[in-house]
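Okay, thanks everyone, I'll keep this quick. Have a look at the model on the screen and I'll talk you through a few bits of it.

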Amino acid sequence: MFARGTKARRVAAAVLPPVLFALFVLAVWQLYVVIGDVKESTLPKPTDIVASMWDNRTMLIENAWVTIKEIALGFAAAILLGVGLAVLIRSSRKVERAIYPWLVVSQMVPIPAIAPLLVIWTGFDMRPKVLVIMLVSFFPIAVNTIDGLRAVEPELMNLLKTLKANAWQRFRKAQLPAALPFMFSGLKVAAALSVIGAVFAEWVGASDGLGYLVLVLNNQTATTDMFAVIVTLALIGISLFLLVTLLERLLLPWYYESRESEGEGLHRDPDDPA
Amino acid sequence: MQAGSKLNIEGLSKTYKGSGGGENVTALRDVAIEIGAGEFVSIVGPSGCGKSTLFNIIAGLVRPSSGSVLLDGRQPDELLGSVGYMPQRDCLMPWRTVLDNTTLGLELSGVKKKEAQARARAEFERFGLAGVEEHWPAKLSGGMKQRAALLRTFLAGRDVMLLDEPFGALDALTRANMQQWLLDVWQENRKTILFVTHDVEEAIFLSDRVYVMSGRPGRVSLCVDVKLERPRKPEISMSPEFLVLKQKLLRPLEEAAAGGGAFIDDRPTLEEQI
């Protein structure tokens, strides 16, 4: 093995393939538009999209800021609602029986369809957007956290009882940490959904934001500029996903390190042949 | 009742109500077991003989239908928390380092973290865990995990320790080493131990007295004193006295197997362990 530079190698091995693949796809796209003489309003060249992003940077940043604020608030509200519901549902059998089916049913309601209603109820400001984002993205958080709270070994709960742990201590010391990896899986799905939610919400009623910009530019058939907005939206989604992943790594070091070492058996009994 | 009796179980019965109008199931009938202070006593029996129910009752997790569990000659106000309990699985928390796993009992009884850790560290050498204090449990071998779980039970500081097949999932060689090691540790502190196992040889090797339980309903069918000299070495299992005891203990187990109540070995198979 190479003693030095192995970490750099690992990072390169993880980052290079997707970057090279993306460059390849963009090159094919560029060639297709140039050689096929495709109209700009149908499909713009990737280089034009980048140029548009640069030219419109002030407008993009201003509107991105609006959308980022909506997503941040909506995502935070989704975490509160999702985790809160999960804890409530796991707190008693009766509550679980009463609420859980409705939690699933709530996902059958097409949120974009009720978004106009939310606007009527709450107005044209931030509130309906935060609500839509929350409603679109709380479900995976709730379901995964519920599974996580169930994941703790019953023997461990019994052990804690024999060590005189009360219900709160059992929750804080065993159920909650056992649920965290599951919760983070839900957060990653929710991160992607929250961006979609923000765009929906702005389509229904907004005067700024990236979703609103997509709508306006689409009406003007300013396809290149529209693509520039879509790329910005995608960047926001990717950033949120990476932020969640980074938080997960920082908060759950045991989860990653335990998985990495699985099967390696760094510490063996000299008398343990297995 | 003899003087110095630490744990005294009298006329213990447990009947579970049949669910949905089904027949009642008697898990234990009139079980009597007595353990003196500092004694090592084992219970051997086939699966389904009520060993787990018995353990859960002594640990205070399940209430008996009738009978009593006396500690130091009297009924404790609250059995739960008075007795040390080590479940069959190691139940180490993957999100805590080995050190923080072993201090769990101290932490829950309100000992300051620094002091708890200092007390735990002092025992790591003796428990064969030196050097792994800051590691995640996932990095330990099966034998080391069991030793860490034992240390956690030991540090919780209860006079009586219930060990439920602690070596059941280990391979034969590790198992033999762990038995020897457990005897050495026990020899130094002379805690009162009630040990459950499937393995007659293990029971004889470790114990001052062995109870044989037979199943459905669970009851004590034999009680044998083991008067082999201590400290014991593995060679003792070849001695005539040992073999006589083994034959004596195996007979009721074989009778139970022949007489309808099949003797099922529910220890994990080798494949399951890997």
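So, contacts in chain B: if you take those between residues at least 6 apart in sequence, 69% of them join residues at least 24 apart. Bear in mind this is a predicted model. The secondary structure in chain B comes to nine helices and nine strands. As for burial, 42% of the 274 residues in chain B are buried.

How does the radius of gyration of chain B sit against a compact globule? For 274 residues you'd expect something near 19 Å, and chain B has 19 Å, so the two agree. The C-alpha trace of chain B spans about 55 × 45 × 45 Å along its principal axes.

Over to chain A, and a pair of helices there. H9, residues 210-219, and H10, residues 223-251, have axes that come within 9 Å and cross at roughly 160°. An angle over 145 degrees counts as roughly antiparallel, so that's what H9(A) is relative to H10(A). The crossing is left-handed.

Who's touching whom? On the H9(A) side you've got A:Leu210, A:Leu213, A:Val214, A:Leu217 and A:Asn218, and they meet A:Asp225, A:Met226, A:Val229, A:Ile230, A:Thr232 and A:Leu233 in H10(A). Sort the residues of that contact by type and you get eight nonpolar, two polar and one charged.

How values were computed: Residues numbered from 1 in each chain as written. Chains lettered and ligands numbered in written order. Predicted model: local features only at pLDDT ≥ 70, side-chain atom pairs only at ≥ 80, totals over all residues. Helix = DSSP H or I, 4+ residues; strand = E, 2+ residues; numbered from the N terminus. Rg over C-alpha atoms; globule rule 2.2 N^0.38 Å. Buried ≥ 20, exposed ≤ 12 C-beta atoms within 10 Å, placed from the backbone. Contact = placed C-beta atoms within 7 Å. Axes fitted to C-alpha atoms, helices over the stretch in contact; angles between N-to-C directions. Parallel < 35°, antiparallel > 145°, perpendicular 65-115°, else oblique. Left-handed = near helix turned anticlockwise from the far one by under 90°. Nonpolar A, V, L, I, M, F, W, Y, C, P; charged D, E, K, R; others polar.
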